[in-house]
Amino acid sequence: MNLTKGQTAIMQADGHLLVTGGPGSGKTTISILKASQIASQNLLPGQKVLFLSFARATVSRVIEAIEYEQKIPKEQKSFIVVDTYHSFFWRILKTYGYLIGLPRRIKVLTPPNEAIALSVIRSAFPSRKLTDIQKLEKKNAEAAELLRLAKEEGKVCFDLYAPNTYQILQGSKRICHLIASRYPTIILDEFQDTNAAQWSVVQKLGGGCRLLALADPEQRIYDWIGADPARLDHFRETFIPIEVDLKDDNHRSGDTEIAMFGRDVLAGKFRKNAYNGIGIAPFTPSRDPAMTKLITTVYSSRKRLIDQGISGWSLAILVPTKKMTRLVSEAFLQPPAKLTVIPHFAAIEMEAAILGAEVIALLMQPNSGTHHFEEFIDLMCNYFQGKGGDEPTQGALQEADKIRKNYDAWVDAHAKGKTLRKNSILINMHNVYEQACSVALTGDPDKDWVTIRGILEKGTCPRLREISLEVRNLRLLQRGSQLRQELSQDWLSHGVYLNALEVVRRAFVQAHFDLRAKPESGVVVMNMHKAKGKQFDEVIIFEGWPVQHKGQTVSNPDRIVRANSIEQANSQARQNFCVSITRSKRQTTILTPKNDPCVLLPSNDNA
Ligand SMILES: Nc1ncnc2c1ncn2[C@@H]1O[C@H](COP(=O)(O)OP(=O)(O)OP(=O)(O)O)[C@@H](O)[C@H]1O
């Protein structure tokens, strides 16, 4: 690979560095080569280069670049640590948290458990249309409870990682010094999206370490969780870095006009009528025709990639919302019009699946007396309280309440020697529970998991059926996985799965910090925000459509721009769209409803 002038300047620079550049301009690539150079020339024994990213998704892209694209030699690779901000902060908190009043032993409060812990507070507020005062009260009540959980119970939620790490660094020069001597160079990926708390930690780290920030101000898509347009200026003022702008170099899709189209979307002015590498196709705005259009478009893209003989090809379907990710995934599994199924991986929010998995794990454990059913009920309530993550629906919270009340009535009836009323939701739930508990398990975790899941799926309890469908999205029991090994070990030691629930809970915490990743391949479906920092051979962007009644639009959900309204087409919407468009190396196809095309696309007036 021949380095560009800008990339060469980066290789020659000393001191703090700020590297900017558009999509595919080679920021990640050059930072890896720089890390490798530092690893071979500037490290003392015990030191490493630390590469910090926001999400595991981005980490996997960096690892892909280190392993597969740049083929960094083994001896240098072992001196580069790629980590998420989360897991780096967590390591600091675990070791030094006691200095700021956290208990000596702390645990991760995972998002599903955070949702459960906050559900009582949340259910006290209306789920929609909150006044500003209500919003503030809710936020304060949630923050106070999360702080209490951290300080009193040692359960630390993700949002406290950065502020608590800052507190530790602020209070101890010695710890700052220790980190700097371990990691004399820190690379900050996607720096434009750093929030205030993360920035305060970076400022502390920069006192002793050399910082290399990578940024594209036009790919800033996290304003809603604290990214700040002025962040690059903060970095410039604080660290006076050498600055290299890789500008609009485009190595990702250089043979196409994908990057040009992305820039034109940002500017809202289109230089051409058609762009090489960009396809825009309308679909009929209702479920089956829309999904049919998407599925046939996927067939064509997939065929193109296979015909070109690209090994390990990747095709991403990017959609605006979590809900659409699910709808598309379901349509790929059960396509309309007798089309064939599309094997794929969907990046679905996992709260519901994780809590559902806990129910299955408990059912794998032996039914060892009266508390088993009680624990089962607790997990069912947890599932409904936590399945919506930080946006629980009132319906789900009420469902949890209903289960609890019916259980109390059941206990009461038992105590009085009476039977439960016939229409109690507990009747079916208990029947299916009993069936699951009485099935003979084999010691093969994968098989046993599927057996229990099957009982829930075929049973008469709609709530357990829902759980069986949710956990279908889990991929934790593949051959060789840690979870599978630990469950097998549990069976070997006890002849039953004595600790299945504990093993499953542990596996999810490990999975959150697990950074081993393979390049993304095959068909993947994900929300547009999740595609940040990634690249694929082809991309299809697919959005929702207006719902009409008697000729009037009654709602317009799941659009690239909220309600597809030109007033909402702000820079965030444009940047988010541009990031998605430019993830592709060869071809980006945009599918948009025929009667109400995306307002960011060229219309006949501005093409
Ligand atoms: N000088 C170069 N010559 C050829 N290919 C390059 C060069 N620099 C980078 N590339 C390739 O271009 C592609 C995009 O590079 P990279 O991912 O580093 O860009 P980026 O600036 O980090 O992109 P984004 O901000 O969109 O995530 C990669 O496949 C990389 O291998």
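Two strands are taken to pair if DSSP finds at least two bridges between them. Strands here are DSSP runs (E, at least two residues), helices are runs of H or I with at least four residues, and both are numbered from the N terminus. The structure is a predicted model, in which local features need pLDDT of at least 70 and side-chain atom pairs count only at pLDDT 80 or more, while totals for chains, interfaces and linings use all residues. Residue numbers start from 1 along each chain as its sequence is written.

(Axes are lines fitted to C-alpha atoms, for helices over the stretch in contact, and angles run from 0 to 180 degrees between N-to-C directions.) Strand β1 (residues 17-20) pairs with β8 in the parallel sense over 4 bridges, and L18 lies opposite E243 of β8. Contact here means that the C-beta atoms of two residues, placed from the backbone, lie within 7 Å.

Two helix pairs can be described next. Helix α10 (residues 196-206) packs against helix α11 (residues 231-239) at about 20°, with the axes 11 Å apart. That angle makes α10 roughly parallel to α11; the classes are roughly parallel under 35 degrees, roughly antiparallel over 145, roughly perpendicular from 65 to 115, and oblique for the rest. The crossing of α10 with α11 is right-handed, where right-handed means the near helix is turned clockwise from the far one by less than a right angle, and left-handed means anticlockwise. From α10, W199, Q203 and G206 meet R231, H234, T238 and F239 of α11. By class this contact has 2 nonpolar, 4 polar and 1 charged residues. Ala, Val, Leu, Ile, Met, Phe, Trp, Tyr, Cys and Pro count as nonpolar, Asp, Glu, Lys and Arg as charged, and the others, Gly among them, as polar.

Helix α19 (residues 445-458) and helix α20 (residues 462-470) pack at about 135°, with their axes 7 Å apart. That makes α19 oblique to α20, and their crossing is left-handed. R453, L456 and E457 of α19 make the contact with L464, R465, I467 and S468 of α20. These residues divide into 3 nonpolar, 1 polar and 3 charged.

Then there is the ligand. Its shell holds 20 residues, and the closest are P23, G26, T28, T29 and H251; a residue is near a molecule if its C-beta atom, placed from the backbone, lies within 6 Å of it. Helix α2 (residues 27-41) gives the most to this shell, with 3 residues. Sorted by class, the shell has 3 nonpolar, 13 polar and 4 charged residues.
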